[in-house]
Number of protein chains: 2
Amino acid sequence: MTNTSYIDSVRALQWSDDGLLVLDQRQLPARIVHENCRTAADVADTIASMRVRGAPAIGIAAAYGVVLAARERFTQNPLDWRSAVEHDLQRLARSRPTAVNLFWALERMRAVIRRVNTEPVAPLLAEAIAIHEEDIAANRHMGELGADYLANAAGILTHCNTGSLATGGYGTALGVIRSACQRGPRNIFATETRPWSQGARLTVWELNKDRIPATLIADSAAAFLMQSGRVQWVIVGADRIAANGDTANKIGTYALAVAARHHGVRFMVVAPMSTIDWDTAQGEKIEIEERDSRELLAENLLAPDSVISAWNPVFDVTPATLIDVIVTERGVVEQPSSQTMQRLFG
Amino acid sequence: MTNTSYIDSVRALQWSDDGLLVLDQRQLPARIVHENCRTAADVADTIASMRVRGAPAIGIAAAYGVVLAARERFTQNPLDWRSAVEHDLQRLARSRPTAVNLFWALERMRAVIRRVNTEPVAPLLAEAIAIHEEDIAANRHMGELGADYLANAAGILTHCNTGSLATGGYGTALGVIRSACQRGPRNIFATETRPWSQGARLTVWELNKDRIPATLIADSAAAFLMQSGRVQWVIVGADRIAANGDTANKIGTYALAVAARHHGVRFMVVAPMSTIDWDTAQGEKIEIEERDSRELLAENLLAPDSVISAWNPVFDVTPATLIDVIVTERGVVEQPSSQTMQRLFG
């Protein structure tokens, strides 16, 4: 691979004076459509409708949403804008229930609102940009930390989309893959990631944009891929990490971890510190969201007289015992457990 | 469950004096369309285009194709019809490369052709009907043999379509599930089975027709399903079984076997004797067909400048060591190996 230092051309979110430009991820890869959000309500709707997805990206979008809220409310009523903005903050918080980063980002913005006593838009925009830039910086740092483990990995498998589309930029698991590919050629494999097909629609599209060669596989071909000896590492992101390292992530992650252990393939989780839920002791306490049968069942099997249903969990939980390494921007935890995870506070 | 003795209403293939009526499986479940094949060429085209699929069903369709060939050729030239029919036989043999049952059924029909010295259509039709009826009888017998293992199985997971649609009727793995459901209620789970979605399109449609309640899951949710304790057995069919019990079957079967072993879930393969390839000592000798990237990749990722490809194996091989039971119409082999498989000759 030629030296293409950090090819990372895709951005899910771009701020301009006109508002927040959002790349509509529901329409990828068929159509590249940007939508300009001019109000906090626009941003909340964009998150709820999954035009933007991925926990870090949702948090960043919400932060910019607060800037738009302040701009609108301060113009309307410069003397009493705070209560109206708080209303918008709550609306943004309701846009998605599970993304931890959403609440974390809104809390950072709320702290600025409490602090300012003049025009609020400039300091809030500075904070939103900081959240965005810190996310990219954290991802690049995690990329390097993770790539240190991959010197002898000829093949790497990833699941779902954890790239620039899911974050401020660069990506978490996909960021580690970017960094590894900078150091030398790898065979990158991406799962389709049913039922939303984030791998088939988003990950390979993003990698193609950045000219990182990759191979798409059906989710169910992953174990055969490992049996064939073509991958040495599986690298995934996380939606929530419990205090002992148990990791909730996109459905199918657990199946990959089980297959990896069976084949002696190593397993890495990459996520920022804000993904770790220190109040949840272990993974079995994490509630798993289930989605509509419509995502799986054909129309005529949804008829009232049908005896067919679907079980459509969004996430599963991979026990820490099946995880070799958790990479955060604060450092790396090998063989995660309640004890070893404490090192991140060191 | 009420006593509904052997609800088995779906037929992929139905013979009439007018020809072979084929249920077009490419259009299921959206549309129920039958196509009437009046010539051997029609049947060959129907197999090649996958309107009919499933190794046993392909063999039966080809047998009826030979009847149609004999009818046409004998009418055209009652004194020298054999060479023309042999031409049609070869055309049928070329319709699909891997289905072992296709060649086995054509060989049975060829034996009748060699034997007859009068009008050939009646004896050939009798043989085709025998192949069809023997297949259903074998499936019903396997159903009972397999169900004997499932007395304590509250939940059963199956993969791909191995039912009436894939066979003469009743099904192999799905036949065992039918028999088990006759004996008492079970929770039946079916995988989507990407990339052709035989589970989502065919298995749950067939079960709904026969009022057998079932739950569809994404392929990648199977390991989480096992972790949740909801299934005690995985039951699958086979495309080819090596002499030591290693089993080639639809991609994803191996992943299910690995996950089953990890969770202490038991694993059953159901297939007629004609699926066993005694000339192949072990599974690694079985060549795995790979299909077109188009089945996985979005249109714009197939562009010439794309750096994205797809790996799309049709089958994988599950080692006999991960299989608890192989069920055939000749009997059952527990803990299959080169030695134990020999019992089927006893």
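# Close-up views of a two-chain predicted model

**View 1. A salt bridge reaches from one chain to the other.** The side chains of R194(A) and E192(B) come together here in a salt bridge, with 2.1 Å from N to O. Please keep in mind that this is a predicted model. Between chain B and chain A, the rule finds 2 salt bridges in total.

**View 2. Helices and strands of chain B supply the side that touches chain A.** At least two residues each come from α7 (198-209), β6 (214-217), α8 (222-227), α9 (253-263), β12 (308-311) and β13 (315-318) of chain B. With 6 residues, α9(B) gives the most to this side. By residue class, the side of chain B that touches chain A divides into 35 nonpolar, 10 polar and 7 charged residues.

**View 3. The whole contact between the chains, seen as an area.** Chain B brings 52 residues to the contact, and chain A brings 52 residues as well. The size of an interface is often given as the accessible area lost when the parts come together. Here the area buried between chain B and chain A is about 4,300 Å², and carbon and sulfur atoms give 64% of that area.

**View 4. A sheet that takes a strand from chain A into chain B.** An open sheet of 8 strands runs in the order β12(A)-β6(B)-β5(B)-β4(B)-β7(B)-β10(B)-β14(B)-β15(B), with mixed pairing. At the edges stand β12 (308-311) of chain A and β15 (331-334) of chain B; each has a single partner strand, so one side of each is left without a neighbour in the sheet. On average, neighbouring strands of this sheet are turned by 25 degrees against each other, direction ignored. The crossing from chain to chain is made by β12(A) and β6(B), which run parallel and are joined by 4 bridges. Within this pair, look for A310(A), which stands opposite L216(B) in β6(B).

**View 5. Two helices of chain B on the sheet.** One of them, α9(B), packs on the sheet and touches β4 (155-158), β5, β7 (233-236) and β10 (266-270) of chain B. The direction of α9(B) makes about 150 degrees with that of β10(B). The other helix, α7(B), lies across β12 of chain A together with β5 (187-191) and β6 of chain B. Relative to β5(B), α7(B) runs at about 155 degrees.

**View 6. Strand β6 of chain A beside β12 of chain B.** Strands of a sheet pair through backbone hydrogen bonds, either parallel or antiparallel. In this view, strand β6 (residues 214-217) of chain A and β12(B) run parallel, joined by 4 bridges. A handy landmark is I217(A), which stands opposite W311(B) in β12(B).

**View 7. A three-stranded sheet in chain A.** This open sheet has 3 strands in the order β1-β2-β3 (chain A), and the pairing is antiparallel. Strands β1 (13-16) and β3 (34-37) of chain A stand at the edges with a single partner strand each, so one side of each is left without a neighbour in the sheet. Neighbouring strands of this sheet are turned by 25 degrees against each other on average, direction ignored. In the antiparallel pair of β1(A) and β2 (residues 19-23) of chain A there are 4 bridges.

**View 8. The hairpin of β1 and β2 in chain B.** Strands β1(B) and β2(B) form a hairpin, with 2 residues between them. The pairing of β1 (residues 13-16) and β2 (residues 19-23) of chain B is antiparallel, over 4 bridges. Here S16(B) has G19(B) in β2(B) as its bridge partner.

View 9. Most residues other than glycine have a negative phi, and most peptide bonds are trans. In chain A, the peptide bond from R194(A) to P195(A) is cis, with omega near 0 degrees. P195(A) sits in the loop between β5 (187-191) and α7 (198-209) of chain A. In chain B, R194(B) and P195(B) are joined by a cis peptide bond with omega about 0 degrees, and P195(B) is found in the loop between β5 and α7 of chain B. C160(B) has a positive phi, near 60 degrees, in a residue other than glycine. The loop between β4 and α6 (173-183) of chain B is where C160(B) lies.

Terms used:
Residues are numbered from 1 along each chain as its sequence is written. Chains are lettered from A and ligands numbered from 1 in the order in which they are written. This is a predicted model: local features need pLDDT of at least 70, side-chain atom pairs count only at pLDDT 80 or more; totals for chains, interfaces and linings use all residues. Side-chain values use heavy atoms; hydrogens and water are left out. Two strands pair if DSSP finds at least two bridges between them. Axes are lines fitted to C-alpha atoms, for helices over the stretch in contact, and angles run from 0 to 180 degrees between N-to-C directions. Contact means heavy atoms within 4.5 Å. Buried area is the accessible area (1.4 Å probe) that two parts lose on being put together, summed over both. A salt bridge is a side-chain nitrogen of Lys or Arg within 4 Å of a carboxyl oxygen of Asp or Glu. Ala, Val, Leu, Ile, Met, Phe, Trp, Tyr, Cys and Pro count as nonpolar, Asp, Glu, Lys and Arg as charged, and the others, Gly among them, as polar.
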